[in-house]
Amino acid sequence: ESEYEDAASSSSQSGSSEKRKRTPPKAIPSVKGIDWDSGTSWKDYATQKKPEGNPSRFVVAAGWFKNVRNLGVITPGHIIPAFDVMDWHKPENIPNTFAQFKTKRGGELFDKGEKVSEWVLSQRGINRLDKLGKENA
């Protein structure tokens with residue numbers, strides 16, 4: 001019996017060591033000190049826009065930073081606290097999600113900013129933002 005167990009455990013160990021290890025995404029520091037409440041609060045803005053799904057949520061967050069906080073360039077560090085305030089589930093890899101939203105298949109909602117990890121709303125993203133919250137108005 002013990003020989004069988006030893007053989008089974010050694011084969012399972014060798015099998016698992018051959019698998020490619022997946023490295024988790026690097027921790028993204030949240031941008032600190034964001035005023036979520038003055039002027040049009042983030043919660044009010046997001047509630048009025050009624051985004052469903054991550055593409056619209058990313059667009060709404062970028063729109064709030066652009067239109068209410070005069071911040072046209074955002075990073076993954078802006079998305080994390082915005083999603084936390086709204087208690088929205090965050091994608092596992094936010095930088096990759098931005099990259100997907102830049103592609104034609106992802107809707108071309110964002111363009112890259114000047115620096116690494118900087119993103120700006122594209123014209124398509126602005127168009128999507130303008131439509132949100134008006135469907136049933």
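I looked up histidine 78 and found this residue buried, with a relative accessible area of 9%; buried means under 20%, exposed over 50% and partly exposed in between, for a 1.4 Å probe and protein chains only. The model is predicted, with pLDDT of at least 70 needed for local features and 80 or more for side-chain atom pairs, while totals for chains, interfaces and linings use all residues. Residues are numbered from 1 along each chain as its sequence is written, and side-chain values use heavy atoms, without hydrogens and water.

I placed histidine 78 in helix α4 (residues 76-86); helices are DSSP runs of H or I with at least four residues, numbered from the N terminus. Leaving out residues up to four places away in sequence, I listed Val31, Ile34, Trp36, Phe65, Leu71 and Val73 as touching histidine 78, contact being heavy atoms within 4.5 Å.

I then turned to helix α2 (residues 42-49), where Trp42, Tyr45, Ala46 and Lys49 are buried. They lie on the same side of α2, because they cover an arc of only 95° around the axis, taken from the directions from the helix axis to the C-beta atoms. An α-helix has 3.6 residues a turn, so residues three or four places apart point the same way. The face turned away from the buried side of α2 carries exposed Asp44 and Thr47. I noted α3, α4 and α6 (123-131) among what covers the buried residues of α2. Lysine 50 follows α2 and has a positive phi, near 50°.

Note on methods
Helix = DSSP H or I, 4+ residues; strand = E, 2+ residues; numbered from the N terminus.
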